[in-house]
Amino acid sequence: MSSQGSQEEAQGRYLAALSLTALGIVFGDIGTSPIYALRESFHSANGIDPTQANVLGVLSLILWSLIIVISIKYLTFVMRADNHGEGGIVALTALVTPPSQAAAQRRIALVMAGLFGAALLYGDSMITPAISVLSAIEGLEVATPRFQPYVIPITIAILIALFSVQRRGTAGIGMLFGPVTLVWFITLAGLGVLGIAQHPSVMAAVNPLQGAEFFVRNGLAGFLVLGSVFLVVTGGEALYADMGHFGVRPIRLTWFVLVLPALVLNYFGQGAVILEDPATLEHPFFLMAPGWALYPLVGMATLATIIASQAVISGAFSLSQQAIQLGYLPRMKVEYTSSQKMGQVYLPGINWALMLACIGLVIGFRTSSNLAAAYGVAVTTDMAVTTVLFAVVATKRWGWRPRSIVMFLGVILIVDLAFWGANLPKIPQGGWFPIVVAALIFTMMTTWKKGRELVAARLEVGSLPIELLVADIRESHPTRVAGTAVFMHKDPNGTPPALLHNLKHNRVLHRRVVLLSVVTLDVPYLTDDDRLSVVKVADDLYKVIASYGFAESPHVPSILEGCEESGLTFDMMQTTFFLSHETLVAQQKGGMARWRQQLFGRMSRNSLQPTAYFGIPPNRVVELGMQVQL
């Protein structure tokens with residue numbers, strides 16, 4: 001075999017392995033929707049009878065929703081809008097840059113919309129694990145009502161176990177989940193074929209006219225059914241957010257080869273079973289299986305719903321890490337779980353907060369049908385925001401013609417808004433929960449961003465240009481001590497406040513001084529060649545600028561090690577890091593409302609210490625305190 005053939009075979013094996021891992025992470029959410037989506041579409045609250053015409057109409061809506069929203073919108077269009085390989089609404093928002101100052105105001109509005117869309121994903125990350133696992137365990141009640149008292153305790157135990165293994169990382173979990181998910185989708189397809197065999201006429205739902213006639217026949221009630229039909233595509237946004245974990249090709253391949261066919265067969269099989277026996281409407285998914293297979297199916301569904309939760313959990317980790325780097329959330333502990341894929345991260349604080357929220361939802365709502373009412377409002381809003389942001393990126397960055405944008409928005413946005421409108425009546429029934437969560441997180445994000453800008457502005461008032469600092473040092477001749485001092489500062493062109501305070505109060509300066517700035521750019525990753533800039537300002541004064549993408553976390557020891565290529569070497573035992581510690585002082589007429597000042601102060605106090613976030617040895621740090629008025 002030639003070397004080229006061996007290389008192609010190796011690439012094929014790698015793609016297959018990556019696709020299997022992606023199957024276990026990315027498609028778990030959308031793959032468990034068959035457990036409850038079709039059932040909820042005929043829920044008594046919707047007032048739709050399971051007649052043959054209505055069943056065919058709902059199935060047609062499900063099929064074309066999967067095609068339009070997932071296959072066309074996300075896999076064909078939106079996933080093209082990757083920010084150097086990274087996906088998700090935060091990465092998409094970072095691509096919305098103004099071509100001129102005149103567009104700055106418009107950019108602010110788009111960024112705010114993107115931030116609110118990102119905040120909505122946290123609500124989705126709380127609801128998805130709760131509804132997925134709970135719906136599977138409820139299958140035990142189909143076998144015997146004696147399991148009813150144990151459904152909630154079993155669900156809570158499974159959720160605790162799920163969040164406890166997150167530290168293993170996406171890759172480790174995916175290798176475990178991938179084979180199970182493969183069996184799950186094969187099971188979905190097999191059950192669907194068995195169901196269709198009972199009533200083959202169900203295949204008429206492939207005709208989109210069946211969906212159109214459903215709306216004409218049922219009017220407003222038919223439109224509101226879209227709120228439940230939407231449950232079949234709820235994994236779309238998490239799919240986009242997890243793109244950075246695996247890349248586009250494995251996700252597209254897995255969807256079109258396995259996931260889409262299995263989902264369509266299963267939904268159509270459930271429809272056939274309902275047409276054959278309307279009494280199965282209460283749990284068509286489980287009643288589609290032969291009696292002997294019920295318990296194994298419940299076990300398989302439980303495993304699948306555990307896996308389903310992984311997509312949104314991983315998406316929440318990526319989203320939080322990106323928001324921290326872009327300055328919208330305070331510093332938190334970030335652990336990288338893969339040495340090969342930089343996008344695979346674990347945030348302990350987010351993990352345990354999600355776990356507590358999921359448990360609270362299970363206890364509060366108690367059934368998957370009740371939780372279904374809370375599901376949809378957040379995701380539909382987020383999907384509509386994604387569509388608008390994508391249209392802006394396509395226009396400003398790719399130069400799409402207005403006609404193409406109008407055609408795209410005319411189809412995709414209308415579908416998004418239809419789903420959104422159909423979900424609005426769910427707000428009093430539980431849809432308020434993700435909206436409240438999103439509003440709280442959005443408030444925290446904007447408060448943190450504004451607060452940091454105010455702090456930077458206040459510190460900038462007393463700062464000096466580096467050139468004036470050098471002139472002042474040469475004129476005043478401060479006492480010099482042995483060793484190297486590293487002063488960290490956000491502004492590469494300014495003087496660190498800690499350095500000015502040190503000179504003012506201690507009147508000493510180390511023999512060698514390094515001004516270190518860590519800058520976050522609007523790209524997810526940077527190569528090592530673009531990472532560092534080392535400039536010799538004076539004989540004993542250096543300026544180091546370390547650039548990072550918003551999907552990376554800075555590490556100061558690695559930065560200093562990288563400076564060796566520029567001739568700047570460090571002995572950590574002879575190096576002291578000077579950091580400024582700001583004490584925030586609220587004031588009546590500050591740059592923010594008083595309650596936001598207090599919120600910012602609380603967030604700042606609970607933020608991860610710079611030494612831990614930047615990986616600085618704690619025993620080599622000196623903090624110089626200063627008061628900053630907000």
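**Salt bridges and a helix crossing in a predicted model**

Me: What makes the meeting of the side chains of Lys 73 and Asp 416 a salt bridge?
Reply: The N to O distance between Lys 73 and Asp 416 is 3.0 Å, and a salt bridge requires a side-chain nitrogen of Lys or Arg within 4 Å of a carboxyl oxygen of Asp or Glu; the pair therefore qualifies. The pair links distant parts of the chain, with Lys 73 in helix 4 and Asp 416 in helix 20 (residues 402-423), 343 residues apart. Helices here are DSSP runs of H or I with at least four residues, and strands are runs of E with at least two, numbered from the N terminus. The model is predicted: local features need pLDDT of at least 70 and side-chain atom pairs count only at pLDDT 80 or more, while totals for chains, interfaces and linings use all residues. Residues are numbered from 1 along each chain as its sequence is written, and side-chain values use heavy atoms, with hydrogens and water left out.

Me: Why is Lys 73 called buried?
Reply: Its relative accessibility is 0%, and buried means under 20% relative accessible area (exposed is over 50%, partly exposed in between; 1.4 Å probe, protein chains only). Lys 73 therefore counts as buried. Asp 416, at 2%, is buried as well.

Me: Why are Arg 480 and Asp 540 described as partly exposed?
Reply: Arg 480 has a relative accessible area of 23% and Asp 540 one of 26%. Both values fall in the partly exposed range, so the description holds.

Me: Why is helix 4 called oblique to helix 10?
Reply: Helix 4 (residues 52-77) and helix 10 (residues 209-224) pack at an angle of about 125 degrees, with their axes 7 Å apart. Angles under 35 degrees count as roughly parallel, over 145 as roughly antiparallel, 65 to 115 as roughly perpendicular and the rest as oblique; the helices are therefore oblique. Axes are lines fitted to C-alpha atoms over the stretch in contact, and angles run from 0 to 180 degrees between N-to-C directions.
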